[in-house]
Amino acid sequence: MVKINNMENCKENLIEVKNVHKTFSSNTGLFEPKKEPVYALKGVSLNIKKGEILGLVGESGSGKSTLGNCILKLLDINCGEILYDGVNVENFTKKDVKEFRKKTGLIFQNPYSSLNPKMKIKEILSEPLIVNGIKDKKTREEMLEEIVSLTGLNSDDLGRFPHEFSGGQRQRIAIARALILKPEFVVADEPISALDVSIQAQIINLLIDLKEKFNLTYLFISHDLNVVKYLCTRVVIMYRGEIVEEGETTEIFKNPKHSYTKLLLDSIPKVY
Ligand SMILES: Nc1ncnc2c1ncn2[C@@H]1O[C@H](COP(=O)(O)OP(=O)(O)OP(=O)(O)O)[C@@H](O)[C@H]1O
Ligand SMILES: [Mg+2]
């Protein structure tokens with residue numbers, strides 16, 4: 001059995017999010033009447049410790065993906081601060097941003113839309129290597145072989161296109177792409193919600209296995225509290241752009257304080 005979230009490694013903060021606000025302009029056209037911006041994050045603060053899997057739960061539209069994307073510097077924030085390993089990501093130089101891209105990864109919810117259908121798996125997995133300046137073909141091929149075997153794919157799969165794979169295998173490919181540069185931090189944005197229940201556990205076990213191998217830190221976004229309970233020692237609950245509750249997962253399950261958390265827990269099907 002793989003040991004999840006060894007707390008010995010979890011003392012230092014890898015990420016500190018401090019009072020972050022994020023709005024989206026909701027105007028669609030030049031002649032549209034001016035609309036109020038969408039307020040996606042309203043003063044969000046949280047810490048992610050090195051080596052932990054932090055669960056992030058909340059209803060649709062509560063700002064989970066926005067928060068994950070802001071942490072990965074894929075979206076700009078309006079105000080507040082995000083520190084990565086103690087450094088404010090706003091102050092990153094171009095070189096720092098390049099390094100940051102190597103150190104971080106994102107796994108999307110939908111493996112059907114996140115892989116370019118016109119590219120073979122070899123091209124999909126090589127892209128981050130080429131973008132990050134790994135010029136030596138032999139090194140790239142070795143890295144491809146390694147990640148293919150670590151994610152439970154076959155070397156033959158490299159010559160195929162995404163449509164030739166099942167949902168679970170596509171998610172393995174997406175995970176391989178996110179991890180090929182051996183990042184230290186990964187946002188897994190509902191990585192199993194689009195998959196058949198029968199293969200969800202395989203993907204969860206793969207994520208745990210890779211966490212141990214690469215000493216990863218995850219922000220694990222999910223609607224499924226049972227999965228969060230299994231995977232995460234700590235959990236953060238978001239509601240309408242705010243964090244309404246956070247703490248040890250077992251404690252929150254035992255003693256939820258916010259009405260939304262209570263509602264979420266009540267909605268878990270019970271096995272009698
Ligand atoms: N690019 C965008 N442009 C405009 N509004 C956006 C954009 N991205 C997100 N939003 C809005 O910001 C809010 C938060 O969205 P977000 O996608 O972060 O929610 P979520 O918690 O990830 O939801 P889900 O569980 O459905 O994935 C929503 O009101 C959404 O409509
Ligand atoms: Mg989302």
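Biologist: At what angle do helix α5 and helix α6 pack, and how far apart are their axes?

Modeller: In this predicted model, helix α5 (residues 167–179) and helix α6 (residues 197–214) pack at an angle of about 20°, with their axes 10 Å apart. The axes are lines fitted to C-alpha atoms, for helices over the stretch in contact, and angles run from 0 to 180 degrees between N-to-C directions. Helices are DSSP runs (H or I, at least four residues) and strands are likewise DSSP runs (E, at least two), numbered from the N terminus.

Biologist: What makes α5 roughly parallel to α6?

Modeller: Angles under 35 degrees count as roughly parallel, over 145 as roughly antiparallel, 65 to 115 as roughly perpendicular and the rest as oblique. The angle is about 20°, and therefore α5 is roughly parallel to α6.

Biologist: Which residues of α5 meet α6?

Modeller: Gly168, Gln171, Arg172, Ile175 and Leu179 in α5 meet Ile199, Gln202, Ile203, Leu206, Leu210 and Phe214 in α6, where contact requires C-beta atoms, placed from the backbone, within 7 Å. By class, this contact of α5 with α6 has seven nonpolar, three polar and one charged residues; Ala, Val, Leu, Ile, Met, Phe, Trp, Tyr, Cys and Pro count as nonpolar, Asp, Glu, Lys and Arg as charged, and the others, Gly among them, as polar.

Biologist: Why is α3 called roughly parallel to α5?

Modeller: Helix α3 (residues 121–131) and α5 pack at an angle of about 25°, with their axes 8 Å apart, and that angle is why α3 counts as roughly parallel to α5. Ile121, Ile124, Leu125 and Pro128 in α3 meet Ile173, Ala176 and Arg177 in α5, and by class this contact has six nonpolar, no polar and one charged residues.

Biologist: How do you know that α1 is mostly covered?

Modeller: Seven of the eight residues of α1 are buried, namely Lys64, Ser65, Thr66, Leu67, Gly68, Cys70 and Ile71. A residue is buried if 20 or more other C-beta atoms lie within 10 Å of its own, exposed if 12 or fewer, and partly exposed in between, with C-beta atoms placed from the backbone.

Biologist: Which element gives the largest share of the shell around ligand 1?

Modeller: That share, three residues, comes from α1. By class, the shell has three nonpolar, eight polar and one charged residues.

Biologist: What conventions apply here?

Modeller: Residues are numbered from 1 along each chain as its sequence is written, while chains are lettered from A and ligands numbered from 1 in the order in which they are written. Local features need pLDDT of at least 70 and side-chain atom pairs count only at pLDDT 80 or more, whereas totals for chains, interfaces and linings use all residues.

Conventions:
Two residues are in contact if their C-beta atoms, placed from the backbone, lie within 7 Å.
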